[in-house]
Amino acid sequence: MEVRPPQAECLPDAEEPTTGAEHRTEEEQLHHHQEEEEVEVLGACTTSAEAAKALLQECGVPLVDIDLDRYPERRREMVERTNQRTVPQIFFNAVHAGGNDRLQELAAAGELNALIDLVTREAPADAPAPPKASTRGDLGVVVAGDIKCEPDAAALLVEQMRRAGLVHNRMWHLRKYRKVFVGKEAVDWLISPASGLALATRESLTWALSAATCWWLVVGGGGGGGRAEAVELGNRLMAHHYLHHVTHDHPFADDHLFYRFIQDEEVTPMTLNATHASSCLARPAAEVAEEVRRLIVALYDDFLSPDGKPAASHGTLSTNEVVGHGERGLWQEVDYAGIARSEAFRRYLRNAAELQRVDLAHLTREEKLAFFINVYNAMVIHAYVEVGPPGSLIQRHRFFNRVTYLIGGHFFSLNDIEHGILRGNRKPPGGLGRQFSRSDPRLPLCLPEPEPRIHFALVCGAKSCPAIKTYRASDVDDALTTATEAFFEVGGGNLQLNPPKREVKLSRILDWYRIDFARTDEELLRWVADFVSAETAKVLRAWARDGNCKVSFLKYDWSVNKAAAGDAVG
C-alpha cells in the first residue's frame, strides 16, 4: 500500500497553471524566485518537515527545502523571521504560514489555496532566498565508488606480522587465549631479515612507518638498540589501536606477554563493524564521525518515509481537553530492507571500519557528543538492517547490551555509549551499578556530567523514539536544544496538558531517566518548561509553583518504525 499524505484542499481541479519548471535546469530553478517564488521550507530531517513537504507536493506546489543540517548558517535567519526554533517553518513567498500543524489545519479548512496563489506571483525582495547553487555541493555526500583514503604503511606491516606465523592459540595458567602473539617473538621478527625492514645493510636502517605521523624505526646491526626500538614501534602500534595486551594491563614489551591484533579480536556476529578491516591512514575521530554523518544523511534521504503518519491518541483525554501538546503523535518509517540492498549502505560499512582505530582520547565535550550520538544512531539502523528489530523485553535487553561497534580499540554497546559515555557513567534503568567499573579503560572517555538532552537525540528504532537527526560538533548544543523542543512540540504526543484536571502527561523517557532531569515533579515541570512554547511554559511553571497538579507518564510504543513491504518510501 502506498504511503500518502492526507487529502487537502489545493489548487482547483481545473487546468493547473504551467510554470515551465520542468524545462529548467537546477540552477535556473534556484534563481527563478525573482519571477515566480517556490514555497520555502526551512527545516531538517524531521517527521513534521517530511509531512509538510508531502502535503505541498501532493498539492503540486514547487518548493525549496532549506535543510538546516546542510545550511546551518540559515538557522539564525529562521529564528529571527519566525521567533520559532523548531522545524519546519513554511513560507509562501514572504508570508510565514507557520509549521506543519498550522499547514495541516489550513488544508483541512480549505484555506490553503490563497497561500498557494502567492507563489504564482513575483516574489518580493524580503522573501527568504533559496540556497546558492554553488554551495549545494560543498556539503554533499560521496555517492559513488569506494571510500578514498591515504593507505597506511602500519596496516601493511601488521598484515605482514599476522602472516609471519606469530599468531597462535596459546595457554597460560590453564586458560586458553585465542589468536594471540608473544611480545618477545614479535620483537625477534621485527629485527630479523624476514621482516623485510632491512634494505641494503643490517648495520644502519631507517624505516618510515607512517609519513603522516613521522614514525621512524632505526634498527641497528643486531644489537640491543634494535630490540629497544622494536619495542618502541610496538608501543606506537598499540597507541594507534593496531594491537593491545590481552587484558589491557601492560604496554608492549620484549617479554613473554600475550598481545592481540585488532583484526583477531574475539568478536561476535553482533559486533557489526568488524567484518571489514581498514587499511586507511587513521583520521581524527571528529572527521570520521562527520563522514558517518554524511553517509547516514544519504541513507535517510533515500529510505526515510516522506510522511509523518498519525499515531493513536494517548490516554482518554478528548481533543478539546488537551492544550498545546499531544493531540496526535507522529513517527518516521524507515525502509530497512531497502537500506540493506543499497550501495550507500555498503559504503557505510567500509567507512564504519575506520572507527576501529580512531583516537578518542583528545575529543572535546562537543566532539564527544556529536561523535557518539551519530555513532549510536548509526549502530541502531545498522543493527535493524543486519540483526533485525527486537520484539520483546528480553530481546531489547540483548539488543542494547550485545550490539557493539569496535571503536578506538574498545568495544562499545549501545548501552555503553548512552549510559557510560553520554550520561557520565550512570546506572542504566533497572541496572545494579554504573555502566563502567573503576578499572574500565573506557572510563576516561565519559562526559564529566550527564547531558539530559541526549535522550531526545538518541534513536532506538521504535515509534515512541525521538525523530532521526544528525549532529555536528560545531553547533551540537543548539541542535540538542532544537531536538528537545521538537520532541515536546505540538502534535508530538510526548506532552499532554489537561487544565480542568490539572494533569500533565509526559513521555515515559522522563520517568526512566528522571535522575538526569530533576528530583521532584515540580523540578521536572520547570525543566520541560524551558523547551516549550511561552503559553505552555506559563502553565507548567504555575503548576510547578503551587504544586497542585498530577504528573504521569505515557505508555511507550516499542513497535518498529519499519515500512511495510510494498510501501512507497522515499
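Visitor: Which residues are linked in a network of salt bridges?
Guide: The network joins Arg365, Glu366, Glu451, Arg453 and Asp477. Before we go on, please note that this is a predicted model, where local features need pLDDT of at least 70 and side-chain atom pairs count only at pLDDT 80 or more, while totals for chains, interfaces and linings use all residues. Residues are numbered from 1 along each chain as its sequence is written, and side-chain values use heavy atoms, with hydrogens and water left out.

Visitor: What makes Arg453 and Glu451 a salt bridge?
Guide: The term asks for a side-chain nitrogen of Lys or Arg within 4 Å of a carboxyl oxygen of Asp or Glu. In this pair the closest N and O atoms are 2.9 Å apart, so the pair meets the definition. A search of the whole structure finds 26 salt bridges.

Visitor: Are Arg453 and Glu451 buried or exposed?
Guide: Buried means under 20% relative accessible area, exposed means over 50%, and partly exposed is in between, with a 1.4 Å probe and protein chains only. Arg453 has 12% relative accessibility and counts as buried. Glu451 is buried too, with a relative accessible area of 11%.

Visitor: Why is Arg227 called partly exposed?
Guide: Its relative accessibility is 21%, so Arg227 falls between the 20% and 50% cut-offs. Asp254 is also partly exposed, with a relative accessible area of 31%.

Visitor: What does the salt bridge of Asp530 with Arg541 tie together?
Guide: The closest N and O atoms of Asp530 and Arg541 are 2.9 Å apart. Asp530 lies in the loop between helix H18 (521-529) and helix H19 (534-546), and Arg541 lies in helix H19, so the pair ties together parts that are 11 residues apart in sequence. Arg541 is partly exposed, at 37% relative accessible area.

Visitor: Why are H12 and H15 called oblique to each other?
Guide: The axes of H12 and helix H15 (residues 476-487) come within 10 Å and cross at roughly 50 degrees. Axes here are lines fitted to C-alpha atoms, for helices over the stretch in contact, and angles run from 0 to 180 degrees between N-to-C directions. Angles under 35 degrees count as roughly parallel, over 145 as roughly antiparallel, 65 to 115 as roughly perpendicular and the rest as oblique. H12 and H15 are therefore oblique. Their contact (heavy atoms within 4.5 Å) is made by Arg365, Glu366, Leu369, Ala370 and Ile373 of H12 and Val476, Asp477 and Leu480 of H15.

Visitor: How do you know that the buried residues of H13 are on the same side?
Guide: In helix H13 (residues 393-402), Arg396, Phe399 and Phe400 are buried. They cover an arc of only 85 degrees around the axis, which puts them on the same side of H13. The arc is that of the directions from the helix axis to the C-beta atoms. On the other side of H13, Ile394, His397 and Arg402 are exposed. The buried residues pack against helix H12 (365-386), strand S14 (410-413) and helix H14 (414-422).

Visitor: What makes H14 largely enclosed by the rest of the structure?
Guide: Nine of the nine residues of H14 are buried, so this helix is largely enclosed. What covers them includes H12, H13 and S14. One of the H14 residues is Asn415, which is buried with a relative accessible area of 10%. Leaving out residues up to four places away in sequence, Asn415 touches Phe400, Asn401, Gly420 and Gln435.

Visitor: How many disulfides are there?
Guide: The count comes to zero disulfides, where a disulfide is a pair of cysteine sulfur atoms within 2.5 Å. As for individual cysteines, Cys446 is buried at 11% relative accessible area, whereas Cys549 counts as partly exposed at 21%.

How values were computed
Helices (H or I, at least four residues) and strands (E, at least two) are DSSP runs, numbered from the N terminus.
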